[in-house]
Amino acid sequence: MKKLVIALWLCMLGVTAVAQQVKIIDNVTRQPLEFVTLYSNDLGVSAMTNAKGLADIGEFSGAQKILIRYVGYQTKEISFSEIESQEFMISLEPSQIYLD
């Protein structure tokens with residue numbers, strides 16, 4: 001019984017250990033953006049969003065400068081703490097050349 005309780009506790013611990021994810025959306029349509037790249041030169045880490053606009057940014061913790069790039073959108077430079085303050089939701093603005 002003791003082993004069963006420990007096993008269940010470890011399983012529950014694994015479920016609650018969710019990776020930190022950011023969601024990147026279009027500023028106008030509010031739709032998620034796929035294949036957005038995030039890069040921190042300071043830490044030498046990168047990530048890319050999936051079809052739901054989500055990317056795991058756990059490795060970016062503490063980064064002072066994270067570059068967020070997507071073709072047809074303005075590049076955004078942001079710190080990890082700013083992402084936290086925005087509740088892990090970032091919107092990108094379309095580039096002016098694509099608006100005309």
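Ser 95 touches Gly 72, Tyr 73 and Gln 74, leaving aside residues up to four places away in sequence; contact means heavy atoms within 4.5 Å. The model is predicted: local features need pLDDT of at least 70, side-chain atom pairs count only at pLDDT 80 or more, and totals for chains, interfaces and linings use all residues. Residues are numbered from 1 along each chain as its sequence is written, and side-chain values use heavy atoms, without hydrogens and water.

Ser 95 sits in the loop between β7 and α3 (96–99). Helices (H or I, at least four residues) and strands (E, at least two) are DSSP runs, numbered from the N terminus. Ser 95 is buried, at 14% relative accessibility. Buried means under 20% relative accessible area, exposed over 50%, and partly exposed in between (1.4 Å probe, protein chains only). A polar atom of the Ser 95 side chain lies 3.4 Å from the backbone oxygen of Tyr 73.

The whole structure holds 2 aromatic pairs. Rings of Phe, Tyr and Trp (its six-membered ring) pair if their centres lie within 6.5 Å; planes under 30 degrees apart count as stacked, over 60 as edge-to-face and the rest as tilted. Tyr 70 and Tyr 73 form a tilted pair, 5.2 Å centre to centre with 40° between the planes. Tyr 70 is partly exposed, at 26% relative accessible area. Tyr 73 is buried, at 16%. Phe 80 and Phe 88 pair edge-to-face, with 6.1 Å between centres and 70° between planes. Phe 80 is buried, at 3%.

Ile 90 touches residues including Val 22, Ile 24, Ile 68 and Ile 83, not counting residues up to four places away in sequence.

Terms used:
Polar contact = N/O pair within 3.5 Å; in protein donor to acceptor, adjacent residues only side chain to side chain.
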